[in-house]
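Here is a friendly briefing to read alongside the model. Have your viewer open and follow along topic by topic.

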Amino acid sequence: KLVPLYSCFLTIICNISPYWRSMSLVAAVKLVNLFELFSSPKFLYSGENAHRHLALLLEVFNNVIQYQYHGNTHLVYAIIRRKDSFGRLASLTLKRAQEQCHKVYG
């Protein structure tokens, strides 16, 4: 239901991310959960513009870490704890994504 709003929400978060001084642990974990959702092969290949959501979220991570690192250690910790998700995205190929989708979703 909310898919059409993802782009708007992520653009707003991306625009404020360089100024986000102190992120709570809950917010950091929720952002990393969003990353896992957006980087899943099912979501990435669900539509033409699905990859844009992932790109905006990665830009949020980059901005927060680059400009407000000292106040956002919770985000850095959440990213490190889920480093396997980032590794899966780095090694994602079309063939592997199709295999995962067929295995999980029949």
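The side chains of Arg 82 and Glu 36 come together in a salt bridge, at 3.3 Å from N to O; the term stands for a side-chain nitrogen of Lys or Arg within 4 Å of a carboxyl oxygen of Asp or Glu. Arg 82 sits in the loop between helix H5 (73-81) and H6, and Glu 36 in helix H2 (residues 25-38), so the pair ties together parts that are 46 residues apart in sequence. This is a predicted model, in which local features need pLDDT of at least 70 and side-chain atom pairs count only at pLDDT 80 or more, while totals for chains, interfaces and linings use all residues. Residues are numbered from 1 along each chain as its sequence is written, and side-chain values use heavy atoms, with hydrogens and water left out.

**The salt bridge**
- Searching the whole structure turns up one salt bridge.
- Arg 82 is partly exposed, with a relative accessible area of 25% (buried is under 20%, exposed over 50%, and partly exposed in between, with a 1.4 Å probe and protein chains only).
- Glu 36 is partly exposed as well, at 28%.

**The largest pocket**
- The largest pocket has a volume of about 180 Å³ (a pocket is an open set of points on a 1 Å grid over the protein atoms alone, where a 1.4 Å probe fits, with protein on both sides within 12 Å along at least five of seven lines; lining residues have an atom within 4 Å of a point).
- Its lining includes Glu 36, Ser 39, Pro 41, Arg 88, Leu 92 and Arg 96.
- By class, the lining has three nonpolar, five polar and three charged residues.
- Helix H6 (83-90) and helix H7 (94-105) each supply at least two residues of this lining, and H6 gives the most, with three (helices are DSSP runs of H or I with at least four residues, numbered from the N terminus).
- Gln 100, another lining residue, is found in helix H7 and is partly exposed at 28%.
- Gln 100 and Ser 40 are 60 residues apart in sequence and 9.4 Å apart in space, C-alpha to C-alpha.

**A nonpolar surface patch**
- Leu 2, Leu 5 and Phe 9 form a nonpolar patch on the surface, with about 280 Å² of accessible area together (patch residues have over 30% relative accessible area and no salt bridge, and nonpolar side chains are joined within 5 Å; areas come from the Shrake-Rupley method with a 1.4 Å probe).
- Leu 2 belongs to the segment before helix H1 (3-16) and is partly exposed, with a relative accessible area of 48%.

Note on methods
Grid points are joined across faces, edges and corners, and a volume is the space filled by probe spheres set on the points. Ala, Val, Leu, Ile, Met, Phe, Trp, Tyr, Cys and Pro count as nonpolar, Asp, Glu, Lys and Arg as charged, and the others, Gly among them, as polar. Patches are made of residues with over 30% relative accessible area and no salt bridge: like charges are joined within 9 Å, nonpolar side chains (Val, Leu, Ile, Met, Phe, Trp, Tyr) within 5 Å.
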